[in-house]
Amino acid sequence: MVRDVSLDVPSGGRVGILGPNGSGKTTLLKLLAGVLAPSSGQVTLDGTLMTSLSRRQVARRIAMVPQHTHPAFDYTVLELVLMGRYPHLGAFQVEGSADLDIAHASLDATGTAEFWSRPFSTLSGGEQQRVVIASALAQQADLLLLDEPTASLDPGYQLEIASLLRKLHRDRGVGIVMATHDLNLAASVCETVVLLDEGHVIAAGPTAEVLTRESIARLYGIDADVAFHREAGHLVVVPIGRAR
């Protein structure tokens with residue numbers, strides 16, 4: 001549950017939602033996606049109430065990338081990415097050549113074109129996550145909502161996902177909102193962060209101003225060194241121990 005949360009995501013913005021387990025990060029993402037309707041207050045998309053828009057209308061503007069994807073059937077990579085075209089198809093309409101071109105372009109953008117004919121289930125965790133992002137890109141949405149996009153990935157794939165998200169923003173102007181525990185991912189991708197604890201926003205603003213030693217101690221109860229890393233080009237967070 002989230003309460004008294006006010007959040008504005010500008011066009012092309014990159015926002016990180018940080019907080020411990022149970023803080024309301026996923027709930028907030030679902031509210032932004034229109035999957036959940038608020039019991040009070042409102043969520044708007046360019047000034048229009050989300051509750052007044054159809055799921056198809058929302059899906060043309062907002063794409064959700066879940067933490068885990070478990071298709072009901074053993075789809076190929078291309079079939080999974082083509083699912084992103086559904087909001088643009090009419091009833092009983094099948095994908096055409098233009099949809100296939102968009103799907104292949106989305107695979108190219110995420111570095112997964114070589115996997116197009118493989119069953120999705122045969123890919124590694126990092127490869128699967130990039131394919132799911134490709135499916136979201138195929139929606140041609142303005143905004144990507146990502147729930148723990150690097151969870152359970154090894155450091156190499158974590159770096160790949162971070163690089164991919166920066167590239168998508170740079171090359172396509174895609175807006176990004178991600179819920180994550182990975183402070184370094186948020187620091188490398190997001191221009192602003194929102195710190196969420198027990199459903200309340202305790203701080204929000206530019207990443208360099210909000211992601212501090214003091215705020216991390218308050219949010220997670222840990223002592224961490226936070227400094228700008230010249231070679232990485234962004235803040236780097238190094239946990240040291242439990243805060244005293």
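Select strand S7 (residues 192-197) and then S8: six bridges join these two antiparallel strands. Strands, like helices, are DSSP runs numbered from the N terminus (E, at least two residues, for strands; H or I, at least four, for helices), and two strands pair if DSSP finds at least two bridges between them. This is a predicted model, in which local features need pLDDT of at least 70, side-chain atom pairs count only at pLDDT 80 or more, and totals for chains, interfaces and linings use all residues. Residues are numbered from 1 along each chain as its sequence is written, and side-chain values use heavy atoms, without hydrogens and water.

Next, pick threonine 192; opposite stands proline 206 in S8. Move to the turn: S7 and S8 make a hairpin with two residues between them, and glutamate 198 there has a positive phi of about 50°.

Now show the whole open sheet, six strands in the order S4-S5-S6-S1-S7-S8 with mixed pairing. S4 (62-65) and S8 (200-206) are at the edges with a single partner strand each, so one side of each has no neighbour in the sheet.

Finally, select helix H5 (residues 125-138), which packs on the sheet and touches S4 and strand S5 (143-147); contact means heavy atoms within 4.5 Å.

Conventions
Axes are lines fitted to C-alpha atoms, for helices over the stretch in contact, and angles run from 0 to 180 degrees between N-to-C directions.
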